[in-house]
Amino acid sequence: MTEITAPKSPVTAEQFADEIREQLKYTQNVTPEQATAADVYVAASKAVRNHLADAWFKTQADTVNGDTKAVGYLSAEFLMGKQLENALLNAGLTEQFDAAVEALGFQPKDIVDAEYEPGLGNGGLGRLAACFIDSLASLGVPAFGYGIQYKYGIFKQTFDENGKQVETPDYWLTNEEPWGHIDYNRDQKVSFGGEVVEENGKKVWKPAWSVRAVPVDYLVPGYKSQRVNTLRLWTAKSYDEFDLLAFNKSEYLDAVKPQVKAENISKILYPEDSTKVGKELRLEQQYFFVSASLHDAIRVFYPGEAKPDLTTFPNKITFQLNDTHPVIGIPELMRILIDEYDYDWDTAWGITQKTFNYTCHTLLPEALEVWPASLIGELLPRHLEIIKKINEQFEDELKDKGVADETIERMRIYTGDAVRMAYLATYGGSHVNGVAELHSQLLKDVTLKDFSDAYPDKFTNVTNGVTPRRFIKLANPGLSDLITEGLGTDKWLSDLDLLQGLVPLAKDDEFVKKFAAVKQANKHSFVAFAKQHYGIDVDENTLFNTMVKRLHEYKRQSLKILLVISQYAALKKGEVSAEEILPRTVFFGAKAAPGYYLAKLTIELINNVSKVINNDPDVKGKLAVHMLPNYNIEMAQNLIPATELDEQISQAGKEASGTGNMKFALNGALTVGTLDGANVEIREKVGAENFFLFGMTVDEVEKLYADGYDPAKYYEADPRLKQAIELVANGTFSNGDRNAYAPLVADWLTKDWFMALADFSSYADIQAQIEKLYRDPLEWNRKALLNVANSGYFSSDRSMEDYLERIWHTGPLAD
């Protein structure tokens with residue numbers, strides 16, 4: 001008999017239906033007969049939130065009163081996804097919810113679909129943060145996620161008639177949002193600008209203006225842990241929202257200027273920062289949420305104490321800096337300790353260094369934030385003083401270590417003109433970690449080599465992971481049920497290593513056929529989803545080949561689309577007969593930063609290649625391409641389970657880790673990829689024979705850079721590549737306009753910094769191996785099942801356990 005251990009509330013479906021009716025009546029003010037699906041969604045959400053409230057209150061009390069150190073996860077993004085299904089799962093109310101809403105005359109899917117996805121993140125960084133706080137709650141570890149409540153998200157992506165990306169506000173808060181609780185009584189004051197003066201021998205910051213940081217709390221329920229942690233997001237308000245005198249003079253815009261200035265801080269994730277004003281807003285955002293969060297943590301852990309003993313602060317909470325965005329927190333905590341609580345420099349520094357740890361998420365120099373010192377001085381003058389002193393102390397420390405002068409010059413945090421935030425984070429915290437074994441090694445060997453040489457004990461690795469609750473149980477219920485059937489238990493949902501028990505079943509042809517049937521059912525479901533959401537027709541009897549991720553040159557969507565064009569050209573020229581080609585549907589999904597010209601041009605090209613191919617009767621049923629708009633968690637939860645071939649084709653040495661690669665492997669897709677990021681570990685775990693490897697290694701890439709890379713040489717050497725680029729250049733995908741993609745073509749042929757052209761031949765060659773295997777469904781699905789079976793390591797629960805052991809040195813609350 002199959003062992004089921006998932007949470008199951010004693011509340012009956014009838015009782016839960018009554019609770020929904022109660023919420024409809026007293027909070028929505030409608031009868032069940034009057035209610036819409038949106039009404040029922042809000043009512044059901046509030047009902048399940050009430051079921052989580054007692055565990056939330058207990059977790060908060062135990063966090064403050066117990067002796068377990070909490071985790072504060074500081075992140076500019078939390079890409080949470082829809083909340084209702086996850087909350088129902090963790091509260092043990094899924095079955096009751098389904099029956100209750102049906103008793104009310106609704107379909108459960110319609111209620112779930114009524115939820116609008118929160119616009120609180122963009123890509124892997126934000127989704128990782130969401131997975132991590134889910135796992136911390138599931139492990140019973142007290143934690144706060146701290147970030148910003150963005151009113152309009154990053155942007156909602158649409159495409160115009162020419163295939164260009166169009167950014168519009170993401171109005172995710174337009175309708176009632178039942179998950180976030182606004183707590184005006186626990187606001188914090190955050191200040192900017194002004195000057196630093198000396199009073200009675202002490203430095204005093206006299207800010208020019210301040211904003212009110214108001215917390216919005218989201219419950220983060222754990223799976224089977226009876227713990228509910230808090231995601232606390234800050235929204236910016238003005239203390240002087242309205243100038244009545246100006247209004248009465250008919251100066252209506254002037255009357256709301258303070259309100260607009262304040263609220264701009266929490267309007268948009270990653271505002272375009274090519275201008276000074278844009279840079280100012282980004283720095284304001286970063287300081288805003290970090291300052292509010294640090295003051296909030298002091299309020300939480302020292303309730304009612306005017307002058308608490310903050311030497312104990314690192315024993316109360318450890319803060320993880322999720323990339324460089326929150327690093328301004330280091331000088332801010334120093335300022336709080338010295339200016340507000342009168343600690344001396346050395347004591348403050350000891351507290352600060354023990355409090356912070358830094359996760360570096362990149363190897364790209366441009367992604368390691370560097371702020372103009374003049375901008376910090378203008379917005380945060382006291383902090384610039386503190387940063388300068390930190391840098392002086394740092395240089396003295398390096399000299400004492402015998403570090404050479406030229407090395408010290410390279411390592412300076414403050415250069416006179418700029419502040420290097422990654423360097424500040426590395427020196428100012430206890431630990432620095434990369435997010436995959438290869439990435440962490442490259443951090444030590446290349447990106448932060450000088451720091452690793454000087455402080456080797458600070459550096460460690462924690463490979464990323466994803467939560468199996470959302471990305472298998474909720475996203476892929478068919479596979480979840482099959483795994484439980486195969487293992488005889490559902491305990492794998494909180495111990496993903498148990499997936500190893502599926503390895504013997506990969507030899508069982510009948511089980512493999514069941515697995516294949518689940519994948520086919522997921523493909524069928526995605527066909528309906530794509531029709532409903534995007535208005536496109538998808539042939540489910542084709543290979544589903546997916547590349548979904550943030551649009552960046554190093555991720556090499558250009559390499560994928562050049563291969564697609566090459567395959568199309570081969571079909572059109574008769575180099576490959578329509579009968580011989582493996583029918584394939586290629587899905588892209590990606591947002592490009594609004595100011596990232598080449599990335600946006602790549603999206604336009606993909607859209608127009610799609611338009612040409614999908615309207616060509618010569619290749620109908622053989623090749624189709626779809627650029628799906630507004631890639632988000634909802635799309636991921638529908639597309640990933642249906643995908644059979646996943647693309648992880650970034651240039652070796654550029655991707656920190658990736659988490660999409662983990663989600664695809666866990667959902668039974670095979671990967672075609674390079675030895676980059678977590679691909680290396682995935683390939684090791686699932687078996688080299690179950691992974692399609694191509695492309696240069698890190699060492700080969702570096703040698704080619706050193707020798708002098710000439711992309712035109714590769715263009716001339718491979719007729720397939722040359723033909724693909726010529727089709728782009730000659731206007732085939734731009735209605736004959738040869739200038740439309742000239743910047744892309746020029747970049748490919750003269751720069752191609754991420755070497756898509758150098759890896760093209762290897763990438764094209766491996767397609768024969770992919771197609772041969774896919775034509776043997778039993779073997780393809782056997783290998784796909786082995787991907788699932790051997791991917792248990794990539795659980796975010798395991799990632800959190802690594803952080804707890806290697807960095808945070810804390811654990812679960814006592815029961």
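Trainee: Which residues lie nearest the centre of the largest cavity?
Mentor: Bear in mind that this is a predicted model. The lining of the largest cavity counts 17 residues, and those nearest its centre are Glu553, Ser558, Asp747, Trp748 and Asp752. Helix H23 (557-573), helix H24 (597-614) and H31 each give two or more residues to that lining.

Trainee: How much space lies in the largest cavity, and how does its lining divide by class?
Mentor: The space comes to about 160 Å³. Nine of the lining residues are nonpolar, four are polar and four are charged.

Trainee: How many cavities of 30 Å³ or more does a search of the whole structure find?
Mentor: Six. Around it you'll find Met80, Gln83, Asn86, Arg127, Ala130, Asp134, Leu219, Val220, Pro221 and Arg470. At least two of the lining residues come from helix H6 (124-139), and at least two from strand E9 (209-221). By class that lining has five nonpolar, two polar and three charged residues.

Trainee: And pockets? What volume does the second largest pocket have, and which element gives the largest share of its lining?
Mentor: A pocket is an open set of points, whereas a probe in a cavity cannot get out. The second largest pocket has a volume of about 1300 Å³. Its lining runs to 44 residues, with Glu85, Lys473, Leu474, Ala475 and Pro477 nearest the centre. Several helices give two or more residues each, among them H3 (84-91), H4 (94-103), H20 (468-474) and H21 (477-487). H22 has the largest share, with seven residues. The classes are 18 nonpolar, 13 polar and 13 charged.

Trainee: Now helix packing. What describes two packed helices?
Mentor: You give the angle between their axes and the distance between those axes. Take helix H30 (residues 719-729) and helix H31 (residues 742-750): the angle is about 150° and the axes are 9 Å apart. Angles over 145 degrees count as roughly antiparallel, so H30 is roughly antiparallel to H31. The crossing of H30 with H31 is left-handed.

Trainee: Which residues make the contact of H30 with H31?
Mentor: H30 brings Ile725, Val728 and Ala729, while H31 brings Val745, Trp748 and Leu749. By class, that's six nonpolar residues, with no polar and no charged ones. Notice Trp748: this residue of H31 is in the helix contact, and it is also among the residues nearest the centre of the largest cavity.

Trainee: How do H10 and H12 lie to each other, oblique or roughly parallel?
Mentor: Helix H10 (residues 276-301) and helix H12 (residues 329-340) have axes 10 Å apart at an angle of about 50°, so the two are oblique to each other. The crossing is right-handed here. On the H10 side the contact has Tyr287, Val290, Ser291, Leu294, His295 and Ile298, and these meet Gly329, Glu332, Leu333, Arg335, Ile336 and Glu340 of H12. The classes come out as six nonpolar, three polar and three charged.

Key. Residues numbered from 1 in each chain as written. Predicted model: local features only at pLDDT ≥ 70, side-chain atom pairs only at ≥ 80, totals over all residues. Heavy atoms only, no water. Axes fitted to C-alpha atoms, helices over the stretch in contact; angles between N-to-C directions. Helix = DSSP H or I, 4+ residues; strand = E, 2+ residues; numbered from the N terminus. Parallel < 35°, antiparallel > 145°, perpendicular 65-115°, else oblique. Left-handed = near helix turned anticlockwise from the far one by under 90°. Contact = heavy atoms within 4.5 Å. Nonpolar A, V, L, I, M, F, W, Y, C, P; charged D, E, K, R; others polar. 1 Å grid on protein atoms, 1.4 Å probe; cavity = no way out; pocket = protein on both sides within 12 Å on 5 of 7 lines; lining within 4 Å. Points joined across faces, edges and corners; volume = space filled by probe spheres on them.
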